[in-house]
Amino acid sequence: MGSEFVLFVSAAIFCIGATGFIIRRNPLIMFMSVELMLNSVNFLLVGYSKFTNTLDGQIFALLIMVVAAAEVVVGLAIILTIFRTRRDLDVDHINVLKG
Amino acid sequence: MFDLAYQTIVAIIGGTAILASFGVILCASPIYSALYLISNMICLALLFLLYNAEFIAAVQIIVYAGAVMILFLFIIALLGAKKEEKTSSWEKPAAFTFIPVLFGELLMALTMDEGRPVQGRFTEEFIANVGSAQAVGLELFSRHLIPFELASILLLAATVGVICLAKFPAKVGGRRVK
């Protein structure tokens, strides 16, 4: 057990996140599923940076956290704007780009 | 003996992380999903600690489980935790055929992992000597300086974008509402 465990856990969490992104319709939960996928990749990078005795994986995980924070802020602002115009959060009902 | 205990703890925390991520996608209410996501992130932070990445673990707790999830909870509180309606669609069967295929493909990577050609200089002893934060800082500000600067530009762009989205009031039926 070692790198196989890291691969298995991160693959499992990534697939669960992808499933959630496809089957859920609440945009907030879809966003949380994206966070799950990003987190699983972080775990893979940190685990492999230990097994290969390098720090590149940890740096990459740090940058992924920065990108994820920026993405969450912009995404939640967009969800809030859509909610203010339409009073509805189901992504199946959002079918026009023009507010 | 110590090694066995270490492996057991790692396995238990990994299993908890997987269970918590199931909770994220299966809960009907977004509040419970957010709480499960926080527990998942804390489990991953503990795993980072066990893999000698103390600095990343601290950042994970502060940035992810702290700031990002608080933002999520604020938005959920603002929008109201409404349960989604159940409708039948083609997405579910598509997901349940696509995702096992993806999982199988990812697990194929397990069979290819034997040789590890890359061996860097940051061994466990080295990191224990200088400390995780200092080691990450040395690496970040020497070899990875350009990605670091690009990340700062990205954060600036995100800030400007959010201000643009939040400042102008939404239009309803052609006229602006206050």
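Asn53(A) is found in the loop between H2 and H3 of chain A, and in this predicted model the residue has a positive phi of about 60° although it is not a glycine. With 16 C-beta neighbours inside 10 Å, Asn53(A) counts as partly exposed, since a residue is called buried only if 20 or more other C-beta atoms lie within 10 Å of its own, and exposed if 12 or fewer do. In chain B, Asn52(B) is placed in the loop between H2 and H3 of that chain, and for Asn52(B) too a positive phi of about 60° is found, although the residue is not a glycine. Asn52(B) is partly exposed, with 19 other C-beta atoms within 10 Å.

The confidence of the prediction was considered next for chain A. The mean pLDDT of this chain is 88, and 97% of its residues reach 70 or more. Among the elements of chain A, the lowest mean pLDDT, 90, belongs to helix H3 (residues 56-86), while the highest, 92, belongs to helix H2 (residues 27-51).

Chain A has three helices and zero strands, and along the sequence its elements follow the pattern α-α-α. The radius of gyration of chain A is 17 Å, which is well over the 13 Å that the globule rule gives for 99 residues, so the chain is more spread out than a compact globule. Along its principal axes, the C-alpha trace of chain A spans about 50 × 25 × 15 Å. Of the 99 residues of chain A, 46% count as buried. Among the contacts in chain A between residues at least 6 apart in sequence, 47% join residues at least 24 apart.

One of the buried residues of chain A is Val6(A), which has 23 other C-beta atoms within 10 Å and is found in helix H1 of chain A. Leaving aside neighbours within four places in sequence, Val6(A) is in contact with Phe43(A), Leu44(A), Gly47(A) and Tyr48(A). Val6(A) and Val46(A) are 40 residues apart in sequence, and their C-alpha atoms are 9.3 Å apart in space.

Chain B has seven helices and two strands, and the order of these elements along the sequence is α-α-α-α-α-α-α-β-β. Buried residues make up 21% of the 178 residues in chain B, and residues 24 or more positions apart account for 51% of the contacts in this chain with a separation of 6 or more. Chain B is divided into domain 1 (1-81) and domain 2 (126-170), and the centres of these domains, taken over C-alpha atoms, are separated by 22 Å. Four residues of domain 1 of chain B are in contact with four residues of domain 2 of chain B; on the side of domain 1 that touches domain 2, these residues divide into two nonpolar, one polar and one charged.

The contact between the two chains takes 69 residues from chain B and 63 residues from chain A. On the side of chain B that touches chain A, at least two residues each are supplied by helix H1 (2-26), helix H2 (30-50), helix H3 (54-79), helix H4 (91-111), helix H6 (132-142), helix H7 (145-167) and strand S1 (171-172) of chain B. The residues on this side of chain B divide into 49 nonpolar, 11 polar and nine charged.

The largest nonpolar core has 60 residues, and those with the most contacts inside it are Met32(A), Val46(A), Leu37(B), Leu44(B), Leu47(B), Phe48(B) and Ile56(B). At least two residues of this core are supplied by each of helix H1 (3-23), H2 and H3 of chain A, together with H1, H2, H3 and H6 of chain B. The largest share of the core, 12 residues, comes from H2(A). Domain 1 (1-81) and domain 2 (126-170) of chain B both give residues to this core, so the core lies between them. Leaving aside neighbours within four places in sequence, Phe48(B) is in contact with Val46(A), Ala53(B), Ile56(B), Ala57(B) and Gln60(B).

Notes:
Residues are numbered from 1 along each chain as its sequence is written. Chains are lettered from A and ligands numbered from 1 in the order in which they are written. This is a predicted model: local features need pLDDT of at least 70, side-chain atom pairs count only at pLDDT 80 or more; totals for chains, interfaces and linings use all residues. pLDDT is the predictor's confidence in each residue, from 0 to 100. Helices (H or I, at least four residues) and strands (E, at least two) are DSSP runs, numbered from the N terminus. Two residues are in contact if their C-beta atoms, placed from the backbone, lie within 7 Å. Ala, Val, Leu, Ile, Met, Phe, Trp, Tyr, Cys and Pro count as nonpolar, Asp, Glu, Lys and Arg as charged, and the others, Gly among them, as polar. The radius of gyration is taken over C-alpha atoms; the globule rule is 2.2 Å times the number of residues to the power 0.38. A nonpolar core is a set of buried Ala, Val, Leu, Ile, Met, Phe, Trp, Tyr and Cys residues joined through C-beta atoms within 7 Å. Domain bounds come from an automatic or database domain assignment.
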